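Please keep the structure in view while reading.

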Amino acid sequence: MRHLLIILFTYLSINVMAQNSIYDFTVKDNKGNDIQLAQYKGKVMLIVNTATACGFTPQYNDLDSLYDSYAAKGLEILDFPCNQFGAQAPGTDEEIHEFCTLRFNTQFPRFKKIEVNGENEQPLYTYLKSQKGFAGFDPNHPLTNILHDMFSKADANYTSKPDIKWNFTKFLIDREGNVVARFEPTATKEVLAPAIEALL
């Protein structure tokens, strides 16, 4: 069994390493269809893991506002629901999509629910984390102290590890497919907007 696990781990590692560009990845939309990220070549992408029952869920309003402002200029927001943090995205893909469109009127593409950390993590996220590690919480955000206390109790060295910490972590990709920035959940729209504008 151990031998088989080593083989599997080696295969997965080689497979991810072989994918040298974000455009090499294929993901599934919320209906289960394969979507090649190569279709977003030439676009600026904001990739975010989301949840529907989180303290950060109102950020859907900010994301939709950013999409309204910049989609015509070349921004795509890719929404990946994830239930790994506090089980705060418990619904089916259809239920999550219905919630987001009815409650927040979101227009950007939504994908199949995934895991972003651990042995079952989506390979896209393995790649994203390899490109940009933890960026630090905004010291002025009201939830920063709560998050820091929670993570530091579990792991005193959590800031040095690239794993996704919580819902609404965002990766910004330029028009050439480079991962240029990572924003933790405490980053506000006022921080995101100029970073996006600089790439459009």
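Helix axes are lines fitted to C-alpha atoms over the stretch in contact, and angles run from 0 to 180 degrees between N-to-C directions. The model is predicted, so local features need pLDDT of at least 70, side-chain atom pairs count only at pLDDT 80 or more, and totals for chains, interfaces and linings use all residues. Residues are numbered from 1 along each chain as its sequence is written, and side-chain values use heavy atoms, without hydrogens and water.

The axes of H2 and helix H6 (residues 189-197) come within 11 Å and cross at roughly 25 degrees. The two helices therefore count as roughly parallel (angles under 35 degrees). On the H2 side the contact (heavy atoms within 4.5 Å) is made by Asp62, Ser65, Leu66 and Tyr70, and on the H6 side by Lys189, Leu192, Ala193, Ile196 and Glu197. Of these residues, five are nonpolar, one is polar and three are charged.

Leaving aside neighbours within four places in sequence, Thr57 is in contact with Ala51, Thr52, Phe99, Phe104 and Phe168. As for Glu176, its C-alpha atom is separated by 13 Å from that of Asn20, 156 residues apart along the chain.

Definitions and conventions:
Helix = DSSP H or I, 4+ residues; strand = E, 2+ residues; numbered from the N terminus. Parallel < 35°, antiparallel > 145°, perpendicular 65-115°, else oblique. Nonpolar A, V, L, I, M, F, W, Y, C, P; charged D, E, K, R; others polar.
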